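Have the structure open as you read.

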Amino acid sequence: MKVLGTFLAVLTLTGTIIADDAVLETAAKRFAPADVAETPDFQRHVVPLLGKLGCNGRACHGSFQGRGDFRLSLFGYDFDADHGELYGRVDPEVPANSLILQKPLMEIPHEGGQRLKAGSWQHQLLLNWVKADSPERPKDAAKLVKVDVTPAEVLFTADGQNVQLKAVAIWADGTREDITDLCRFTSNDDQIADITSGGYIEAATPGDTHVVVSYDAAVVAIPVIRPVSDKTGDDYPITATPTKVDELVVSKLKKLGVVQSGLSSDEEFLRRVSLDVTGALPTTQEIRDFVADNSSDKRAKKIDELLERPGYTAWWTTKLCDFTGNSDSQLNNVTPIRSEASKQWYEWIHARVEKNVAYDEIVEGLVMAVSRDPGETYQQYCENLSSTFHKDGEHLFADRTSMPHYWSRQNFQLMEDRVIGFAYTFLGVRIQCAQCHKHPFDQWTQDDFQGFQGFFTGVTGRNQNARPDSRKEYGEMLAKFETGDLKGNQLRNELGKQLKKGEVIPFGEVYSTPPAKVVERKQKNGRIQKVRKGGGKTATEARLLGQETMDISGYDDIREPLMAWLRSPENPLFAKAFVNRVWANYFNVGIVNPPDDMNLANPPSNAPLLQHLADGFIASNFDMKWLHREILNSQTYQLSWEPNPTNRLDERNFARAVPRRLPAEIAWDMVSQAISNDEKYAKFATSNDGRAVAIPGAGVRYQNDRTGASYALTIFGRSIRESNCDCDRSQEPSLLQTIFLRNDGQVLSMLDSKDGWLSQVAKENGISFQSKSPTQDDRANAARLGKSRQAALARVKSAEALLAKARKSKDENKIARATSALEKVQKQFKKFESPAATDSVESSAGKIVDIRKAIDDAYLRTLSRKPTESEAETAQEFVAESKDQLDGLRGVMWALLNTKEFIVNH
Amino acid sequence: MAFSRTCDGVGRRDFLRAGVAGGAGLTLANYMQMAQADQLQKGAKAKSAIFINLNGGPSHMDTFDMKPDAPDEYRGEFSPIQTNVPGIYISEHLPKLAQVMDKFCILRGVSHSVAAHALGTEYVNCGNRPLPSLEFPGYGAVVSKELSGDPELPKFVAIPRSQQRPGYLGVRYAPMDTSATPAIGTPFRVRGMSLGSGLTVEDVEKRNNLLTKLDRTFGEFESENQLLDGLGQFGQQAHAMITSPKSREAFDISKESKEFAEPFGKSGLGASCLLGLRLVEAGVRFVTVTNGGWDTHRENWDALQTKQLPPLDEALSALFAGLEARGLLESTVVYVTGEFGRTPKINKERNGRDHYPRNMFMLMAGGGVKGGQVLGESDDKGAMPKNEGFSPDDVAASFYHALGINHEKEYNTTTGRPVMIVRNGNVIPGLFA
């Protein structure tokens, strides 16, 4: 075994520089002698030991309910509370009679079993603490600066190799102590590196992972690598690294002995990049042209071309709506007309992605959002905003400066929810753990969480009323509509109606309240007193993550320092969070994975690569297209999926393309596209009309979208945008998805749609083809009819109710009138009871002139490649044995849609 | 395999392997075995469940929790009738159910505070008060995860669709929607299960053969890649399901004898209950039936008397009797509920009752539930539970209990938070025989 690297895997909590003092030997040795006199330190020894013994774990006293009335803070960072709990269980007179000793020694019954051996160093450590009258953590206790772990990187080469880690804590007061026996060791993958609770690692299967060392607030991850082949270092095959990305990827692969696959074929590349960038398949002509093109920069040119297509804008708008949480169900009641808020959200982002507005500017539009544009009076605001709803209104919501709906969501109202949502979206961090206890895998404590929360206290988000200084105007505008006592939903509906009529209505606002201002007030005795005025709930101080508490009382909008910190080049997470997500879009896994779980215990698989992309993204002024180009033009992105013996099992070091199930919207769009006629097929490159990537919101109501895709999108796992997790979108396979593609009436009837491919083949060959299955437009019409039908049904119901009332009154005249009214509406309703839709297809047994051409075509439209000779032969045989040729082609198309090659991007 | 970190420090095995690990990774096959390993509590009787959702909120005062002695402005137009269990009275418009009272249990004084349809429905479909930041899995999703199933059948079927979402458990626990309500006497087409028009099983077999021959691009790599391996396995299972006579017959209620089908009546609810029974008999684990029209703000009594109660009376009584006749009542737990009750005080203006979650009724039967009893009680005006009452969480805990699922079992949400299946419920004492 050799120890690699000169860098130190350390966590720096402060910038203090430590003199190179002697290291105190480990507590296990110091407390072993029976006559040990040392008093242990509460923070440095007692609490870590309780963690090591498992006392403050969640299954035991770390549970929020505690166990046996004894509760410790989970993972122990609440020193005051823990001390209080422990102090109630010590016997200062007879220390050995303390519950905290008797229980774990099992001298008296302990549900958690025996945790301590009598006379052990652990026992003596705790005993000495009690003997010294259980000292608590001093108020001015030195902070932990860092934990040094040696070796800083572990490289195994053969079975049976092992290494003992050593951890040294360095405190701000200069003390250094060997804490190997007091810290916790865990492995991120025990198949590669199994680590004992004492920090002893034994080599297991080849691969790379990290072991994690936790102590106090520090979390240190130590890489453990065991190459999967002997092709490492100088023995690594010569591999071209045309870009910086390739250089950094291959540099890691060289350590691992993982060899890259070859370059993808033109067809493979074109299909992959088209689906990845635009969510649509290349046309057959495009494939032919691309393959025939001999220029050396054709891939780069294609990438540029795809980044300009509407599909790119729609897909990245969708992704940004995922990350920022555009959910119709969370935006209930935010606009007077239902579902408009999520549409506006989508449009606002879409307009910016289309113009390639810098990422940090888009973020600023969300983070700093207020409803009113700069300089707008309340009246102007209502006029302009009303205009965005009016038919042919001159204002567009997308033209407004900011996008306030981000703050209006139901799940973004509590301050803690704002912290969690914000950290998820813009920092890629799951800070929720720190809401209730120290984050087990990161440096964040409850104090950090609460300090950060301050920045979110200034915004009133629910959009239910005008800014306080405009409430009078709001009332005046409302008075015009004579809405009387209407409130809540009824008022909103009424205003919605007025808005649809083209009226200007009063709107609620998202606004920011400045913190309390210090003003001087003259008292009766003539003295000047300073008092705070106004400010509502807005905090006057807050703490950025990883920084000290700051005074924010001087800001008009306390989000300003937050935004400045976010986009600052020094921000450790903002750029990384985004580049990592973009990378994950192209490689199935992030460099940090899961991509939204950046924490100290979950380090990047390739830190220099993540750093390079983040630095470049910042240097490009957050130019999203720069980032896409940087990744897509790398050889790494353009590798084949075909594995070699060294990279078959590797999916986190980017040595080949990783097959991945296509995202829900793209899977649906791709099915629709593949079986469309040529004209409709080609439109996918120029328009997003009717595509699932153009559906704005998530939530129940989007399911009524006219694309008819709701069931498919649900089972294929479109993001629900509910829980601040990238996993709200699912790309895992499921049985229902497979059943859907194989046998769902919707897919089967689309095969025979009149604007479909089969219909086109029939037409070209003079075969009669009648399809009664609906096209997308037909479905949209049906949806509209459905609404009219509902209305007619409602009229029937109310007529029925009237009749019932009339019958009760026993007034013959009334009954007669009600009966005739009912008959009338029933008649109207009957019109909607159309005969059940059939999807029968009749085709005469005409002859298709060139069946091979049709089969080639089917392959090109689904798999973006021509069939191999043997595939073509199989397909031709199938057609020949079918009841007619068209039916044969239907079967071939069905089979291609159901291949793994189709539903997987590779 | 990859471990994704959870909030409480417990490593969670990811479904898809992301690591470079050689050796035996967690394959989809053994993952599915793990997921299917039934770790049931002893003594549970139910193997499957039918959940009937009465959308809109049925009035408790006019059905199963009548207050004949309440003042006029509360009482309502209907009279109670004696059931076949002495001392238990229900609405006169439920005469058939009155005759099978011994087979089911009425829960009165169930109470919560969510008066909106969508949220209330979500609540009673998962047993956890809805949170804006987390989507809880519905009962069917949990059951799909906890109980093994017949490979030729879907585990969880929704007729026609369900409010029970897979939530944080993930899409593989989503229900198969029939997308339509069946009707007695007409062929029923089920989304994904019925063959396309003009297709025979032979056609499907032929296409599948073609697919098998063409779907070879990834070759040997398939067995090493979880996604491809999974897609392959799902393909085989889907094909088996689509072509198996078992599944298609289970969905075909026209296969049922006339004598057996008749008591279910001609309504969509009746046909749905009959379908539910057939599915459970075939081996489907969880069926939801959704029935609407209960939001009776206007003309409450007229709507109940003419439209809502007769089909409910027929469908439920036939379901309970039918399950018993087939020997399925012991092994099938049935849970009937709306999202809330309706205001005890009559809305005179509209002659109706409005949303009211403070007091509602629920029904349970089968799966070891002791029939012929009323648990819980509401006050004289049907306005609040007398004593403590029950919460939807308690009923959920009991429902899981009947199925042998420990409702206090913890899952990790997708972001790694540990959450119990039912966070605040207690199994209702006396519910089980």
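## Chain A at a glance

Chain A has 35 helices and 21 strands; helices here are DSSP runs of H or I with at least four residues, strands are runs of E with at least two, and both are numbered from the N terminus. This is a predicted model, where local features need pLDDT of at least 70 and side-chain atom pairs count only at pLDDT 80 or more, while totals for chains, interfaces and linings use all residues. Residues are numbered from 1 along each chain as its sequence is written, with chains lettered from A and ligands numbered from 1 in the order in which they are written.

Of the 906 residues in chain A, 50% are buried. Buried means 20 or more other C-beta atoms within 10 Å of the residue's own, exposed means 12 or fewer, and partly exposed is in between, with C-beta atoms placed from the backbone. Take the contacts in chain A with a separation of 6 or more: 68% of them link residues 24 or more positions apart. A contact is a pair of residues whose C-beta atoms, placed from the backbone, lie within 7 Å.

Chain A splits into domain 1 (2-11 + 142-226), domain 2 (42-131), domain 3 (357-567) and domain 4 (776-830). Those bounds come from an automatic or database domain assignment.

Now look at helix α24 of chain A, residues 664-674, where eleven of eleven residues are buried. Among them are W668(A) and M670(A), but also E665(A), D669(A) and Q673(A).

## Chain B and its sheet

Chain B has 13 helices and 16 strands, and 56% of its 433 residues are buried. For contacts in chain B with a separation of 6 or more, residues 24 or more positions apart account for 71%. The domain assignment gives domain 1 (3-18 + 28-147 + 154-188 + 252-321 + 332-420) and domain 2 (191-245), with 35 Å between their centres over C-alpha atoms.

Eight strands of chain B make an open sheet with mixed pairing, in the order β8-β7-β9-β3-β10-β13-β6-β14. At the edges sit β8 (176-177) and β14 (373-375) of chain B, each pairing on one side only. Two strands count as paired if DSSP finds at least two bridges between them.

## Zooming in on β3

Strand β3 of chain B (residues 48-54) is mostly covered, with seven of seven residues buried. S48(B), I50(B), I52(B) and L54(B) point one way, while A49(B), F51(B) and N53(B) point the other.

Which strands does β3(B) pair with? It runs parallel to β10(B) (residues 332-338), joined by seven bridges, and parallel to β9(B) (residues 286-291), joined by six. F51(B) has bridge partners on both sides: Y335(B) in β10(B) and T288(B) in β9(B). N53(B) is bridged to T290(B) in β9(B).

## Where the chains meet

On the chain B side, 61 residues are in contact with 77 residues of chain A. Elements supplying at least two residues each are β1 (3-5), β8, α6 (201-214), α7 (221-224) and α8 (226-243) of chain B. The largest share, ten residues, comes from α8(B). By class, this side of chain B has 26 nonpolar, 19 polar and 16 charged residues; Ala, Val, Leu, Ile, Met, Phe, Trp, Tyr, Cys and Pro count as nonpolar, Asp, Glu, Lys and Arg as charged, and the others, Gly among them, as polar.Helix α8(B) has 18 residues, which should span 26 Å at 1.5 Å a residue, and its end C-alpha atoms are 26 Å apart, so the two agree. The expected span is 1.5 Å times one less than the number of residues. Buried residues in α8(B) include L227(B), F234(B) and H239(B).

## The nonpolar cores

The largest nonpolar core has 322 residues, and those with the most contacts inside it include V892(A), V333(B) and M364(B). A core is a set of buried Ala, Val, Leu, Ile, Met, Phe, Trp, Tyr and Cys residues joined through C-beta atoms within 7 Å. Beyond its neighbours within four places in sequence, V892(A) contacts several residues, including I855(A), F878(A) and L210(B). A second, separate core of eleven residues includes Y381(A) and L495(A).

Conventions: Contact = placed C-beta atoms within 7 Å.
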